[in-house]
Amino acid sequence: MIITTMLIAVIICAYTEERWDDLVAAVASLRRQTLLPSEIIIVIDHNKQLFERARAQFADATVVENKAARGLSGARNTGLEIARGDLIAFLDDDAEAAPDWLERLCDCSTDPKVLGVGGTVVPRWLGKRPNWFPSEFYWVVGCTYQHIPDQPIVVRNPYGGCTCIKQEVFQTIGGFREGIGRIGTVPMGGEETELSIRATQHWPEKVFLYEPRALIYHRIPAQRARWHYFLSRCYAEGISKATITKFVGAKDSLSSERAYTTQMLPRGVCKGITDALLRRDPSGFLRAGAIIAGLVTTTAGYVKGSLKRQPLPTASPAANQDKPSLGVGKGNVSR
């Protein structure tokens, strides 16, 4: 049974007016929740015109500008500084949450051993889904790619744009590490992975969950369904994984990827070939080829990122735990 006294703050980050209609729809989906958020925080990432427009449109929400470094991590950290919820949820600005999304996330979060809970991200293709696009690589467009279970399961990390994390986590280990998340249209990622690993290293007895029934619907524009974007996102993911490894070690940062590359991807290749030969679907060969190309490109990015010598993303100097700063100190993110 849900403990409804828990306060849930939802943070949405936005950076471009091109997704204005998506942002309006995302906020509207939060107002339809069966368990309403205690506050909606909209963080505008270094776009003054968008900030003024959002502040005028969303009178019942808290609209602020990103005061940290440009990018998704900095924007989320800005939201964390003012969030007052027991739970902090994150929703992408180009996604709509199902009406029971927050209720299902909150229900799982009542367990004291749970640090956070993520849900299922369902793709909503704005154009036709390419026949060559393998579901095993749905993470390229920010959607759930794993087999969807029947009940909540333990995962290494939830998907950052569809998740709910306890405030205690941020108060204790800091916020998202800046420099490894998406910056504008640059398709980097991994900030939620690094934070989740950092949290479970601090609390090895606690876990993150995946609640498959907590749904959001993520819009996929036509440009993200193109071959060039597919490969560039794979390459960027490899670089991101290499950067994360430098912080938390290869054992934890690549734990899920080992099973993914040795089990899921080979099955996907076999399925594509089977579809082509037995089901007379020639595009099966294309999907099998896309899986191989995606793996090779991601690996190339990882190797490049591992060899590249440059200053790592800045962490708080407070730090015997090397925890990233939330900008103005831990006291400003407490309830």
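This is a predicted model: local features need pLDDT of at least 70, side-chain atom pairs count only at pLDDT 80 or more; totals for chains, interfaces and linings use all residues.
**Stop 1: the cores.** Start by selecting I42, F58, L91, W101, F133, F137 and V140, the residues with the most contacts inside the largest nonpolar core. That core has 59 residues. Now centre the view on F58 and show what surrounds it: beyond its close sequence neighbours (up to four places away), F58 touches W20, L23, V24, V27, R31, I42 and V63.

Next, pick C13, A75, A199 and W203, which are among the members of a second, separate core of 23 residues.

**Stop 2: S196.** Move on to helix α6, residues 191–202, and select S196 within it. Is this serine buried or exposed? S196 has a relative accessible area of 1%, so it is buried, the cut-off being under 20%. Leaving out neighbours within four places in sequence, display R156, N157, P158 and F208 to see what S196 contacts.

**Stop 3: α7 and α10.** Finally, colour helix α7 (residues 227–248) and helix α10 (residues 283–307). Their axes come within 7 Å and cross at roughly 40 degrees, which makes α7 oblique to α10. The crossing is right-handed. To view the contact itself, show side chains including W227, F230, L231 and Y235 on α7, and A290, A293, T297 and Y302 on α10. Which classes of residue make up this contact? Colouring by class gives 11 nonpolar, 8 polar and 3 charged residues.

Technical notes:
Residues are numbered from 1 along each chain as its sequence is written. Side-chain values use heavy atoms; hydrogens and water are left out. A nonpolar core is a set of buried Ala, Val, Leu, Ile, Met, Phe, Trp, Tyr and Cys residues joined through side-chain atoms within 4.5 Å. Buried means under 20% relative accessible area, exposed over 50%, partly exposed in between (1.4 Å probe, protein chains only). Contact means heavy atoms within 4.5 Å. Helices (H or I, at least four residues) and strands (E, at least two) are DSSP runs, numbered from the N terminus. Axes are lines fitted to C-alpha atoms, for helices over the stretch in contact, and angles run from 0 to 180 degrees between N-to-C directions. Angles under 35 degrees count as roughly parallel, over 145 as roughly antiparallel, 65 to 115 as roughly perpendicular and the rest as oblique. A crossing is left-handed if the near helix is turned anticlockwise from the far one by less than a right angle, and right-handed if clockwise. Ala, Val, Leu, Ile, Met, Phe, Trp, Tyr, Cys and Pro count as nonpolar, Asp, Glu, Lys and Arg as charged, and the others, Gly among them, as polar.
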